[in-house]
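Subject: Structure handover

Hello,

Here is the structure I promised you. Please open it next to this email and follow along.

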Amino acid sequence: MKVLDNLVEKPVPTYAVPGPLGIKSWAEEDRPREKLLAKGRAALSDAELIAILLGSGTVKLSAVDVAKLMLQGVGHDLNELARQSVKQLCRHPGIGEAKAIAVVAALELGRRRKEADAPARPTITCSRDIYNLVRPNLMDLPHEEFWVILLNRANVVMRKVAVSQGGVAGTVADPKMIFKEALEQLASSIILVHNHPSGNRQPSAADLALTKKLRQAGDFLDLPVLDHLIYTDCGYYSFADEGVL
């Protein structure tokens, strides 16, 4: 008897259905951590920021998916999310106690920051402003320290940074470290400061040479050096005021 192949019922082939792709399989620029490093924190969505706190998802859900479900549960309202207890957060898939605590702690920090008054940042208008700004850091020191003050375009102080610390007779100021801080913070200009524990306000030959070198480097980087202040407990010397900058 001839069997007709076309009449024989053949089994339907089955294929394994892949599960959802994890974050590690995404393009690098789309992963929350890498995206934050490459584009800045403002480029991330709420879900992506929460995903960084979670660190991982589940077998079927990425950390971003878990974060999206959390947000959906509170109508995408971060204030409502901040009111959730650890127990309430643990009701979401992929959220255990440790992850819930991380989210609660982060939102509590945000609340405290909102309540705290932002300290007023001083504006530098003259050499006396510089002296008053660094006095708490350099007063009564028995050794030399070198500081750099970073300013924005309006001459508002962004931050002041201790670059090096030396002995009674001097300290080493590395230009690379000075401009590294300024470039990383996107400063528009800088002010140099170092102290003389001896009380002598006059610059040494090394002070003059270093100031010239740093001013030239700043001009090249479009990051001008506005002043170099020599601090003493009883007064100061301003390179800008003396016209030698």
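What percentage of the contacts in the chain with a separation of 6 or more comes from residues 24 or more positions apart? Such residues account for 57% of those contacts. A contact means heavy atoms within 4.5 Å.

Some ground rules come next. This is a predicted model, in which local features need pLDDT of at least 70 and side-chain atom pairs count only at pLDDT 80 or more, while totals for chains, interfaces and linings use all residues. Residues are numbered from 1 along each chain as its sequence is written, and side-chain values use heavy atoms, with hydrogens and water left out.

**Confidence**

pLDDT is the predictor's confidence in each residue, from 0 to 100. The chain has a mean pLDDT of 86. In 85% of its residues the value reaches 70 or more. Two stretches stay under 50. One is residues 1–8, with 2 contacts beyond four places in sequence. Another is residues 12–20, with 1 such contact. Where pLDDT is low, the predicted coordinates should not be read in detail.

**Overall build**

The chain has 9 helices and 5 strands. Both are DSSP runs, numbered from the N terminus: helices are H or I with at least four residues, strands are E with at least two. From the N terminus on, the order is α-α-α-α-α-α-α-β-β-α-β-α-β-β.

The chain has 245 residues, and 32% of them count as buried. Buried means under 20% relative accessible area, exposed means over 50%, and partly exposed lies in between (1.4 Å probe, protein chains only). The accessible surface of the chain is about 15,600 Å². Carbon and sulfur atoms hold 55% of that surface. The areas come from the Shrake-Rupley method with a 1.4 Å probe; for residues, only the protein chains shown count as cover.

**The sheet**

Now find the strands. They form an open sheet of 5 strands in the order β2-β1-β3-β4-β5, with mixed pairing. The edge strands are β2 (157–165) and β5 (235–238), and each pairs on one side only. Neighbouring strands are turned by 20 degrees against each other on average, direction ignored. Two strands pair if DSSP finds at least two bridges between them.

Strand β1 (residues 145–151) and strand β3 (residues 189–195) run antiparallel and are joined by 6 bridges. Here Trp147 stands opposite Val193 in β3.

Two helices pack on the sheet. Helix α7 (residues 127–138) touches β1, β2, β3, β4 (225–232) and β5. The direction of α7 makes about 50 degrees with that of β4. Helix α9 (residues 205–220) touches β1, β3 and β4. The direction of α9 makes about 155 degrees with that of β4. For these angles, axes are lines fitted to C-alpha atoms, for helices over the stretch in contact, and angles run from 0 to 180 degrees between N-to-C directions.

β1 and β2 also pair in the antiparallel sense, over 7 bridges. Leu150 has Arg159 in β2 as its bridge partner. The hairpin of these strands has 5 residues between them, and Asn155 takes a positive phi near 65 degrees there.

Stay on strand β2 and look at Lys160. Is Lys160 buried or partly exposed? Lys160 counts as partly exposed, because its relative accessibility is 30%. Leaving aside neighbours within four places in sequence, Lys160 is in contact with Leu133, Asn137, Trp147, Val148 and Ile149.

**The core**

A nonpolar core is a set of buried Ala, Val, Leu, Ile, Met, Phe, Trp, Tyr and Cys residues joined through side-chain atoms within 4.5 Å. The largest one has 16 residues. Ile50, Leu54, Met70, Leu81, Leu89, Ile95 and Val103 touch the most other members. Elements giving two or more residues are α2 (46–54), α3 (63–73) and α6 (97–115). α3 gives the most, with 6 residues. Beyond four places in sequence, Leu89 touches Met70, Leu81, Gln84, Ile95, Ala100, Val103 and Val104.

**Two loop residues**

Asp140 has a positive phi near 70 degrees and is not a glycine. Asp140 sits in the loop between α7 and β1. Asp140 is exposed, because its relative accessible area is 58%. Leu186, also other than glycine, has a positive phi near 55 degrees. Leu186 is in the loop between α8 (175–184) and β3. With a relative accessible area of 70%, Leu186 is exposed.

Best wishes
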